[in-house]
Amino acid sequence: MDIVEFWCVQVGTRAVPGSPLLGLAGLCLGHTAQRFGRLSDEALALAESLAARAEAEPTDVDGRAVDGYDDVRSFLHLW
């Protein structure tokens, strides 16, 4: 796990519901997947979880998490 991915996971698992940091963490995981072409299993699961939370309740996690997960699926060929 690289340092960027590490901090995305830390923020994405520790921020309180409704924090804008949750959507940002999801978006950054998408950027990390684009840049490095891989994510750890933990980071991949978090990106998916944050996107699902954003779709279910946008006041919990903002829509940037959905955009990030779309990038993860695209750049890691998970369609």
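Residues are called buried when their relative accessible area is under 20%, exposed when it is over 50%, and partly exposed in between, using a 1.4 Å probe and protein chains only. The structure examined here is a predicted model, in which local features need pLDDT of at least 70 and side-chain atom pairs count only at pLDDT 80 or more, while totals for chains, interfaces and linings use all residues. Residues are numbered from 1 along each chain as its sequence is written, and side-chain values use heavy atoms, with hydrogens and water left out.

Side chains of opposite charge can pair when their charged atoms come close. With a salt bridge taken as a side-chain nitrogen of Lys or Arg within 4 Å of a carboxyl oxygen of Asp or Glu, the structure holds 3 of them.

One joins D70 to R73, at 2.7 Å from N to O. These two residues lie 3 apart in helix α4, so about one helical turn separates them; helices (H or I, at least four residues) are DSSP runs numbered from the N terminus. D70 is partly exposed at 28% relative accessibility, and R73 is partly exposed too, at 23%.

Another salt bridge links R53 and D60, whose closest N and O atoms are 2.8 Å apart. Here D60 is buried, at 18%, whereas R53 is partly exposed, at 26%. R64 and D62 form a further salt bridge, at 2.9 Å from N to O. R64 has a relative accessible area of 29% and D62 one of 22%, so R64 counts as partly exposed, as does D62.

Finally, H77 sits in the segment after α4 (64-75). Its phi is near 55 degrees, a positive value in a residue other than glycine, and H77 is exposed, at 69% relative accessibility.
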